[in-house]
Amino acid sequence: MFYVGEICAKNVCTEKRTVHVPVYRKSTVKHFVQPCPDQKLCTGVRTNYEPTYQPMKREVYVCCAGWETETTIADGCLKPTCRSSCRNGGRCTAPDTCTCPAGFTGPQCAEDINECKRHKPCDQTCYNTEGSYYCTCREGFQLQSDRQSCKRMDESNDVASEARDMENDVDYDSLDTRLTKLEKIILSEDRGRSQSETHELSKKVQYALDAVSSLRSQVSRLKIKIGGVPINANDDKGPFCHMYFLFMCFL
């Protein structure tokens with residue numbers, strides 16, 4: 001920050017520039033002719049003084065890099081500049097820095113944010129659009145005033161609807177991906193794990209097994225109520241069980 005005269009000038013810097021300054025005044029003699037009172041022409045001599053300039057290096061006040069002035073340098077340089085323009089309604093709020101509106105990101109606000117993946121705002125189905133998103137509901141549900149929540153249109157306890165909702169709510173693909181990733185990690189690592197790492201892995205696998213066991217018990221009770229065949233507690237517990245014994249073999 002510099003003081004230009006008596007004014008506090010923000011974002012003002014100095015730099016050396018070549019300027020031409022007068023160093024002395026050179027006198028030249030010029031003859032002239034002018035009318036005289038007796039209607040004759042008179043001659044005379046006039047001495048003129050003309051400045052002589054010489055290039056010199058001097059410090060001058062300029063706006064610091066990334067700033068410009070909208071008035072004069074004495075008022076300071078308060079407007080930031082961005083070498084690459086901000087897009088999609090973004091504003092240049094600092095040197096080479098864009099502040100993006102909702103829905104966009106990146107140095108120039110050129111990248112769309114996928115709100116459906118990043119924030120998961122919708123109760124059921126989310127569709128990403130450029131700079132925004134919108135939610136929809138499955139059949140039998142109605143989108144609420146917040147444009148995100150879904151409410152069942154028929155409040156009766158319809159078994160088929162509840163079963164369909166449970167099927168849609170469980171992310172089987174994500175579960176399978178996580179199990180496959182864990183299996184690859186266990187197979188690729190050697191047996192040189194520390195005791196704390198082994199204990200941590202064991203806890204996570206056991207937690208998954210407990211969660212699946214609890215879910216299977218609930219499903220078993222449900223099948224009994226609707227006249228189905230209960231699930232045998234000794235049946236294979238699926239991929240979690242396979243993963244657990246695979247993990248235990250490597251301990």
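This short talk walks through the disulfides of this structure and one asparagine beside them. Please keep in mind that what we are looking at is a predicted model.

The structure holds nine disulfides, and I will take up three of them, including the one between cysteine 63 and cysteine 77, where the two sulfur atoms lie 2.0 Å apart. That link is left-handed, with -80 degrees about its S-S bond, and it ties together distant parts of the chain, since cysteine 63 belongs to strand β4 (residues 41-63) while cysteine 77, 14 residues away, sits in the loop between β5 (67-68) and β6 (79-80). Cysteine 63 is partly exposed at 23% relative accessible area, whereas cysteine 77 is buried at 0%.

Let me stay with cysteine 77 for a moment, as its backbone oxygen is reached, at 2.8 Å, by the side chain of asparagine 11. Asparagine 11 lies in the loop between β2 (7-9) and β3 (12-35), and it counts as buried because its relative accessible area, 18%, is under 20%.

Finally, cysteine 36 and cysteine 42 form a disulfide in which the sulfur atoms are 0.9 Å apart; cysteine 36 is buried at 11% relative accessible area, and cysteine 42 is partly exposed at 29%.

Technical notes: Residues numbered from 1 in each chain as written. Predicted model: local features only at pLDDT ≥ 70, side-chain atom pairs only at ≥ 80, totals over all residues. Heavy atoms only, no water. Helix = DSSP H or I, 4+ residues; strand = E, 2+ residues; numbered from the N terminus. Buried < 20%, exposed > 50% of the residue type's maximum accessible area, 1.4 Å probe, protein only. Polar contact = N/O pair within 3.5 Å; in protein donor to acceptor, adjacent residues only side chain to side chain. Disulfide = S-S within 2.5 Å.
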